[in-house]
Amino acid sequence: MIILSVETSCDETSVAISIDGKQILSNIVLSQIDIHTLYGGVVPEIASRNHTKFVLEVFIRAINEAKIKISDINLIAVTNGPGLMGSLLVGVSAALAFGLANNIKVIGVNHLLGHIFSSNIDNDIVFPAVSLLVSGGHTDLIYLEDYYTYKVLGVTLDDAVGETYDKVARILGLGYPGGPIIDKEAKKGVSNIKFPVPKVDLPYHFSFSGLKSAVLNKYNSDIKTNEKINISDYASSFQDSVLKQLLSNTKKAVNEYKVNTLILAGGVSANSALRELFKNEFSNINLLIPKFAYCTDNAAMIGRAGYLMYLKNKKTNDEYILKTYSTARFSDL
Ligand code: KG4
Ligand code: ZN
């Protein structure tokens, strides 16, 4: 089945062409990072305007690069949530219009399932599995019985982990997006500052806002007292505290649920220290980490998740009332 998939939930305009979401014929990702860097973060209104400006061009490039004809396409898969409402609407409208014009069915895809099943593009999942989903908007631990049965074990009670990286980078004057910059900086430093590792009473849940405040307070106090500030050591110490929390919750879930597979997914799964740590700590189970191109937002992962959702009940949303939603709704799946 040839699938055209579309992802516009945040600030990447992406269209992919694949066979069953496995064989990726093209995966065009147009990032708006350069534009949003000027503001220190994603500006929703600007993001949706730029999706509108570039979405057609990205469709054309994806189809041309895949060397297929429009008439070859059997299914359109599009992210319809969660994400920025204005951004989602551009992708969904484009997908529906393209489907209507070319008589191709359209299916809405949950962005978080896209991230989780990005691991399934190049690998098989042996169920049951646990997924640690770490992105700019989410920090979730999810138990997967099979492709279609999920239980959310834990979520963040405040900031998401990617958001925390971005905010801490801002505090340290490192620019946007903070994740990759802190990743790089941390390699040059040593973890010699004792930042707290938040303890949450609810099992499997996460919290990052206290850690963010601790970095801010230490930084401000160091400036006030003219303390010598080593940004790399700050980055390394902050990251150490983040990784400790991610590891301890994930270990608990893997052991308690006796899973065969652990899936690391989402933009933060591109983090080199996190990838290394998980490879060392989970060498005894099937650990799936998507390759870099499938970690941050991309349409290839939406193609794979869309194909799996389509297989489930062969139903699409072709009545053209595909609904968009801004918050996570795992419970509805
Ligand atoms: O999955 P994603 O592209 O978008 C959302 O769905 O949110 O994730 C973006 C997040 C950003 O917060 C970014 O700073 C973070 O992923 N990120 C990283 C790295 N690369 C991207 N965080 C830590 N280390 C990285 N190497
Ligand atoms: Zn994402």
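Residue S87 is located in helix α3, which covers residues 85–102; here helices (H or I, at least four residues) and strands (E, at least two) are DSSP runs, numbered from the N terminus. The model is a predicted one, in which local features need pLDDT of at least 70 and side-chain atom pairs count only at pLDDT 80 or more, whereas totals for chains, interfaces and linings use all residues. Residues are numbered from 1 along each chain as its sequence is written, chains are lettered from A and ligands numbered from 1 in the order in which they are written, and side-chain values use heavy atoms, with hydrogens and water left out.

With a relative accessible area of 1%, S87 is buried, where buried denotes under 20% relative accessible area, exposed over 50%, and partly exposed in between (1.4 Å probe, protein chains only). Not counting residues up to four places away in sequence, S87 touches T8, S9, C10, P44, A47, S48 and H51, contact being defined as heavy atoms within 4.5 Å.

The chain as a whole contains 10 helices and 10 strands. Its radius of gyration is 20 Å, which agrees with the value near 20 Å for a compact globule of 333 residues; the radius is taken over C-alpha atoms, and the globule rule is 2.2 Å times the number of residues to the power 0.38. The C-alpha trace spans about 65 × 45 × 30 Å along its principal axes. Of the 333 residues in the chain, 55% are buried. Among contacts with a separation of 6 or more, 73% are between residues 24 or more positions apart.

The accessible surface of the chain amounts to about 14,500 Å², and carbon and sulfur atoms account for 53% of this surface. Accessible areas come from the Shrake-Rupley method with a 1.4 Å probe, and for residues only the protein chains shown count as cover. The chain carries 32 positive and 32 negative charges, whose mean positions are 1 Å apart. Lys and Arg count as positive and Asp and Glu as negative, with His and the chain ends not counted; the place of a charge is NZ of Lys, CZ of Arg, CG of Asp or CD of Glu.

The largest nonpolar core comprises 43 residues, and F238, L246 and F278 have the most contacts inside it. A nonpolar core is a set of buried Ala, Val, Leu, Ile, Met, Phe, Trp, Tyr and Cys residues joined through side-chain atoms within 4.5 Å. Two or more residues of this core come from each of β6 (129–134), β7 (139–144), α5 (161–171), α6 (178–188), α7 (209–224), α8 (231–257), β9 (261–265) and α9 (272–281). The most is given by α8, with nine residues. Apart from neighbours within four places in sequence, F238 is in contact with T164, Y165, V168, I182, F195, L211 and V215. A second, separate core of 26 residues includes L75, I116, L144 and L308.

Within α5, the residues V161, G162, T164, Y165, V168, A169 and I171 are buried. The cover over the buried residues of α5 includes β6, β7, α6, α7 and α8. Just after α5, G173 adopts a positive phi of about 70°.

Backbone geometry was also examined. Most residues other than glycine have a negative phi, and most peptide bonds are trans. The peptide bond from G81 to P82 is cis, with omega near -10°, and P82 is placed in the loop between β4 (75–81) and α3. A cis peptide bond also joins F127 to P128, with omega near -5°; P128 lies in the loop between α4 (111–117) and β6.

Although not a glycine, N103 has a positive phi, near 55°. This residue is in the loop between α3 and β5 (105–110), and N103 is exposed, with a relative accessible area of 74%. K258, likewise not a glycine, has a positive phi of about 45°. The loop between α8 and β9 contains K258, which is exposed at a relative accessible area of 66%.

In helix α2 (residues 44–66), R61 counts as partly exposed at 40% relative accessibility. Leaving aside neighbours within four places in sequence, R61 is in contact with I28 and L30. The C-alpha atoms of R61 and G99 are separated by 17 Å, the two residues being 38 residues apart along the chain.
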